[in-house]
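I opened this notebook to record what I looked up in one structure. The entries are grouped by topic.

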Amino acid sequence: MVCISSPILLEILLFWNNDSYLKGLKALEKSTSLVLFPIFIIGNYQRIDFLKITQIYYSITTVVMLFFLIRFNLIYPELISKYAGGIDLFEIGYKFSDSVGMHAPALNMHLAFVSVCALYFVFYSFMKNEKPILKMLRFVVFLLSFFFVLFVNTRIALIGAFIGFIVVLYFAVESKFNIKQIAITSVTILVLMGGILFLFVQKNPYMKEKYSTVTFAYMDKVGKLDEIDHPEIKVFNSLVTRVSIWKSAWELSLKNLPFGVGASNGKPALNKYYAATNQHFLAKYEFPTHNQFLDFLLKFGILGPIVALLYMFTIAYLGYDLKNGIILSFFIIFFISNLTDDFLLRFDGIAFSGFWSSVFAGFWLQQKAILYKDQGAG
C-alpha cells in the first residue's frame, strides 16, 4: 500500500514547497486514487478475481472502442475519406482519440495493455480447452484490439504492445502446456497480425516515415527548434522536440536541487525557462516534460525519480514473483510510456496505474495466502 501510494505521500511530504497551497491541494486531489484504490482493493484482497476482472476489462474496452469507431465513421466521414485517399495520414489517430475524449498516447497505452490481455486469453482458451466458439471469439477480440493500437498509431504504445506479446508468449511456452498447440496458435496469430500490419502499412505509407525519418529528423537542432522553418509542422511529434524539452527540464531541475520547484509549480516553471532561454516554439505550446522521471525530478528534487522508480518497479516485482505475463507486460508498457510522456501528471494515468497496481497487489497477496495455507497443511 505504501509503495503504490508513494507518489502522493511524496507530494504531502514536500507540500510546503508549493508557491500556492491552493494549487498544491489541487495537485494532491488528482492523486487521491493512489490512496483509495489500495485501501479498498488490497484491503479486500480475498475477493479479488484477477482473471475475471481482466477478462471483463479487455472485453468491454474492445466493445466500447468498436462503438467509438463506428461513431467516428458516422460523425467524421470526411476524415475517413481523407484517410482512405492517403491524405493527412498523420492526424487520424489523434482525431479519433480526441473524439473519445483522451490524449492519443494515453489512450493507446490503455489499448496496448488491452491487446496484451486479449492475447493472454487466446492462449488461456486453449490451455483450458474451451469451446471452439469461445476460442474463435477470443481470437476476434484480440485482432480487434490490435487493430485499435495500429489505428491510434502511437509509436511507444505499439512497441510496448509487441514486447508484451513476446512476454505473454514466453510464459505460455514456460507453462509447458501442449507445445505443439502453442506453436500452432502462435503461428496463426503471427500470420493474422502480420496481415493486419501489412494492410495498415500499405494503406498508411506515412507509418514508414513516422517510424524512421519523421522520428529522427533535425536531431542537430536540439535546444534550437526555432531555427527550423515552421517547427510546429515539421517536428511537433519528433524526437528532437522531446530531447529539447528533456534538456530544458534537466537544466532547470539541477538549478532547483535538492527539493525541486514544488508539485504545482513544475509546468509553469518549465514554461518560464523556455521563455528565458529564448525557446519560443516550446514556450508557445507550453510542452510538459514528457518524461515522468524528469517531471518528478523537477517537482520533487532528488526524491522524485527514486519514488517514480519505486512505484513502477513494485509492479515489476509483483509480476516477476508471480511469473505472470499480464502483470509484467503492464509494467513494461507503463514504464516505457513514461520515458516519453508523464502519465502520473494526468488523472487518467494515475487512476489507470493505481487501479491495476492495487489489483495486482491484491492478487499477489491472495496467491501468497494460498501458498502459506498449503504449506501449513503440508
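**Conventions.** I worked with a predicted model, in which local features need pLDDT of at least 70, side-chain atom pairs count only at pLDDT 80 or more, and totals for chains, interfaces and linings use all residues. Residues are numbered from 1 along each chain as its sequence is written, and side-chain values use heavy atoms, with hydrogens and water left out.

**Nonpolar patch.** I looked up which residues form a nonpolar patch on the surface, and found Leu 13, Trp 250, Leu 254, Leu 257, Ile 302, Leu 303 and Ile 306, with about 670 Å² of accessible area together. Patch members have over 30% relative accessible area and no salt bridge; like charges are joined within 9 Å, and nonpolar side chains (Val, Leu, Ile, Met, Phe, Trp, Tyr) within 5 Å. Areas come from the Shrake-Rupley method with a 1.4 Å probe, and for residues only the protein chains shown count as cover. I noted that α14 (239-255) and α18 (303-322) each supply at least two residues of this patch. Helices are DSSP runs (H or I, at least four residues), numbered from the N terminus. Leu 254 belongs to α14, and I recorded it as partly exposed because its relative accessibility is 44%. The classes are buried under 20% relative accessible area, exposed over 50%, and partly exposed in between (1.4 Å probe, protein chains only).

**Cysteines.** I searched for disulfides (pairs of cysteine sulfur atoms within 2.5 Å) and found 0. Cys 117 is buried, at 0% relative accessible area, whereas Cys 3 is partly exposed at 30%.

**Second largest pocket.** I read a volume of about 300 Å³ for this pocket. Its lining comprises 14 residues, of which Tyr 120, Met 127, Phe 171, Ala 172 and Ser 175 are the closest to the centre. Helices α7 (104-127) and α9 (155-174) each supply at least two lining residues. A pocket here is an open set of points on a 1 Å grid over the protein atoms alone, where a 1.4 Å probe fits, with protein on both sides within 12 Å along at least five of seven lines; lining residues have an atom within 4 Å of a point. The volume is the space filled by probe spheres set on the points, which are joined across faces, edges and corners.

**Backbone.** I found a cis peptide bond from Leu 257 to Pro 258, with omega near 10°; Pro 258 sits in the loop between α14 and α15 (266-276). Glu 286, not a glycine, has a positive phi of about 50°. This residue lies in the loop between α16 (280-285) and α17 (292-300) and is partly exposed at 41%. Lys 323 also has a positive phi, near 55°; its place is the loop between α18 and α19 (325-337), and its relative accessibility of 43% makes it partly exposed.

**Salt bridges.** I counted 6 salt bridges, each a side-chain nitrogen of Lys or Arg within 4 Å of a carboxyl oxygen of Asp or Glu. Among them, Lys 221 and Glu 227 pair at 3.1 Å, N to O. Lys 247 and Glu 251 pair at 2.8 Å; both lie in α14, 4 residues apart, about one turn of the helix. I recorded Lys 247 as partly exposed at 39% and Glu 251 as partly exposed at 26%. Asp 295 and Lys 299 pair at 3.3 Å, 4 residues apart in α17, and both are buried.
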